[in-house]
Amino acid sequence: MPDDLNWAIGGEAGDGIDSTGKIFAQALSRAGRHVFTSKDFASRIRGGYTASKIRTSVDRVESVVDRLDILIALTERTVHENEEELHEDSVVIYDGERSTMQDVEVPHGATALEVPLKRLAEEAGGAIMLNVVALGAACEVTNFPIENLDESLQKRFGDKGEAIVENNKKAARKGQEYVREEFDYDFGYDVETTDEDYVLLNGDEAIGMGAIAAGCRFYAGYPITPATDVMEYLTGRIDQFGGKVVQAEDELSAINMALGAARAGARSMTATSGPGIDLMTETFGLVATSETPLVICDVMRSGPSTGMPTKQEQGDLNMTLYGGHGEIPRFVLAPTTISECFWKTVEAFNLAEKYQTPVFLVSDLAMAVTEQTFSPDTFDMDEVEVDRGKVVDENDIDAWLDEKGRFQAHFAAADGISPRAFPGTTDGAHMTTGLEHDELGRRTEDTEVRVEQVDKRNRKVETAKEEEEFDYREFGDPEADTLVISWGSNEGAMREGMELLAAEGIDVRFISVPYIFPRPDLSEEVEAAETTIVVECNATGQFADVIEHDVLERVERINKYTGVRFDADELAEEVKATLEGSTTAEVEAE
Amino acid sequence: MSSDIRFTDFKSDKQPTWCPGCGDFGTMNGMMKALAETGNDPDNTFIVAGIGCSGKIGTYMHSYALHGVHGRALPVGIGVKMANPDLEVMVSGGDGDGYSIGAGHFIHAVRRNVDMSYVVMDNRIYGLTKGQASPTSREDFETSTSPDGPNQPPVNPKALALAAGATFIAQSFSSNSQRHAELVQEAIEHDGFGFVNVYSPCVTFNDVDTYDYFRDTIEDLGETDHDRHDREQAKEKILEGDKEYMGVLYQDEDSVPFEEREGVEGSMAEIPDGAPEGAMDLVREFY
Ligand SMILES: Cc1ncc(C[n+]2csc(CCOP(=O)(O)OP(=O)(O)O)c2C)c(N)n1
Ligand code: SF4
């Protein structure tokens, strides 16, 4: 039996799949187990297959695998959808009394566990609790102490009153007892608990939490999957820290509101996904030329156009790197883990204000919808640093006034960074514009001033390269012949994939890069390797392109654009295949 | 804020490049007068402008200012005011800027009712791009891009505003400088979104909606018994197609600005050196 357990519930959208998964994930986390969740959902609210998956272990888990141990199937389709992942020790829990489940055939010799979910739920007080009955049954199958479930039921239903909580606890026990009495045998699972305390959160929540920690006070956004959770997280919470969320009429408005708030001196942010980034691109150049600090978060989903809104992709790299007409200095950060979503958000605010530039914070759907456990001190708030850069007030503004007493908001400083005066600062009144301007912010077409201002803005990037560390994270054997490079959320799957490869005697050096621009120079690393493979969730290899451009050497590519994230087994296979040169490196279908 | 602020303090030392006689001169003077008259000074004032001849206004005035992209000035103004309600925020632009590319934002800014003023220089033409039809151009107005006229009725911005739930709607005429300054002043003093459409003639490209036309047609509501608090009366006046009015068409006495409803208190510019106090509670929520 493997150490980790893979659990899933699947059914129709609207069946409460998400919240059931969440309840179980919380129960596992509270019981001191690590959890990594993933979702399989379609772009509709009711109808259509949807599933919530949990991988859990006493050790950290960083990815999904293609194996399912316990499956709660609310529909017959759920069994078919997960057929490949079932094995002979799997247990499939379903309600055999329901007419729609009559024809269920459980494949691969897995155990079919018929539990009258609906009937037992009714006995406990209402059919609606059938998912909780199934959770109770799963507790029994896995020998997981059901008391852990109680606390997450309390958390989920506490608002609805004690009676509801009690009924749910009862429903869970009905499921547990039914399995114990009707199938009195050992399923071979024994889910250990520990004394560890973990927190469980997803990437969007980590970004929202990072924003508040960094002192973000203003957020304007427009709902879009999979970025909406950032806005939903901040709503209500940011107010407690003196901030505000505004739901704008569209993304054009959202980024302009955020720009206005930033000019008024607030740490300000907006978040969206690809289609919204398109709209925001119009104002992106204004943010950069007006030298306004702004964090723009792109939680990527599958494109182009509306693409596959609920599916994974890392296709916006070029957009964030090159988007916008003209030439625009910017930073592009791409967290590679959920905890990094927090820390990179903090860093994004500091970079934005220190260099008075737009900062793209690029995350992806796989990270946004995944919940993962962390030790709470991963988010140690005492470690959060705030650097507001060159802000001047009435005491030191004199140094930045010209001979006529006018504030030089776009002063062509040697390091490219001008002083910043928040509106309300005496003697700081100044103009800024998206038109090319002089040091006072006034429109100009003077050739010298134009060049001076373009150079000044670009100089910020050079200064940042000197002052900041745009580094990478490294795993595996630094001497290995094979170098794998990836960005974004692929890190977890690749790290596990490496272990699988190591077991087959294939050593890999793995570099995970959280900075798209500026980014670390990987020339030496690529040169030292015999084979370099760049892994990313897009069809053309956008990151591979920039690596090739940087190091002037060809790299191999592993690209996946099915809409589904990489899993560890698959990555290991693909790396192997690339090394053997036996198949094409492209994973074209699941 | 000092009490000896004069309207010329709001003037920058940049000479306007507007055509001699352009209505925008009078519009801007009235705005500066109104700002000084309401006790503001350049250091607490934020002016956001759109694109167009009209949008250049932020350059010719002296204050904290942002000259944005075409049509998006209103959201910028909302962001400024939400982040610091102590600032006096004024947004300004043209009819093309505000009612064409920015029409969506206009409706939503009106219904959001943030406490700021919005002054639109309506010349019924695109000036800066040299004379194309604007959304307020007459149906039969011949321009370089509409040789037979736009063949569609002009938008009625005051009707849009009223329908969207505006709390202050005024119409002014740049040439009547005293009255114009008064109306902008009322918009500033209004608790909420103070919308002023200003007839601001383009002497270069519009030979129909001229000073003479407005002078001959315009009727000052201040000299009639129009009740600005009566929405029905406002509606009638606004929908009368062939009449031009000057004055406050509508004002909601009970207007409460959005930022006040949302409980925004003071500037958001000050933040602690590290994570705010109590931030660890945010982590504990995820247990
Ligand atoms: C996105 C975009 N589209 C088009 C333009 C070109 N443009 C500049 S000014 C203008 C029209 C402005 O008209 P209006 O708001 O009526 O101002 P006026 O010049 O008449 O004062 C246009 C279309 C632009 N700057 N940006
Ligand atoms: S073109 Fe028209 S609107 Fe523009 S400055 Fe000249 S007169 Fe004024």
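Biologist: How do you know that B:S54 makes a polar contact with ligand 1?

Modeller: A polar side-chain atom of B:S54 lies 2.9 Å from an oxygen atom of ligand 1. A polar contact is a pair of N or O atoms within 3.5 Å, so B:S54 qualifies. Backbone N or O atoms qualify too: one of B:I125 at 3.0 Å, and one of B:L128 at 2.9 Å, each from an oxygen atom of ligand 1.

Biologist: How much of ligand 1 does the protein bury?

Modeller: 74% of the 590 Å² that ligand 1 exposes when taken alone (Shrake-Rupley method, 1.4 Å probe).

Biologist: What kind of model is this?

Modeller: A predicted one: local features need pLDDT of at least 70, side-chain atom pairs 80 or more, while totals for chains, interfaces and linings use all residues. Side-chain values use heavy atoms, without hydrogens and water; residues are numbered from 1 along each chain, with chains lettered from A and ligands numbered from 1 as written.

Biologist: Why is strand β5 of chain B called largely enclosed?

Modeller: 6 of its 6 residues, 168-173, are buried, so the rest of the structure largely encloses it. Buried means under 20% relative accessible area (1.4 Å probe, protein chains only). Both faces are covered: B:F168, B:A170 and B:S172 are buried on one side, and B:I169, B:Q171 and B:F173 on the other.

Biologist: What makes β5(B) and β8(B) a pair?

Modeller: Pairing takes at least two DSSP bridges. β5(B) and β8(B) have 4, so they pair, running antiparallel. One bridge links B:F168 to B:Q251. With β6(B) there are 5 bridges, so those strands pair too, running parallel. There, B:S172 partners B:V198.

Technical notes: Polar contact = N/O pair within 3.5 Å; in protein donor to acceptor, adjacent residues only side chain to side chain. Buried < 20%, exposed > 50% of the residue type's maximum accessible area, 1.4 Å probe, protein only. Helix = DSSP H or I, 4+ residues; strand = E, 2+ residues; numbered from the N terminus.
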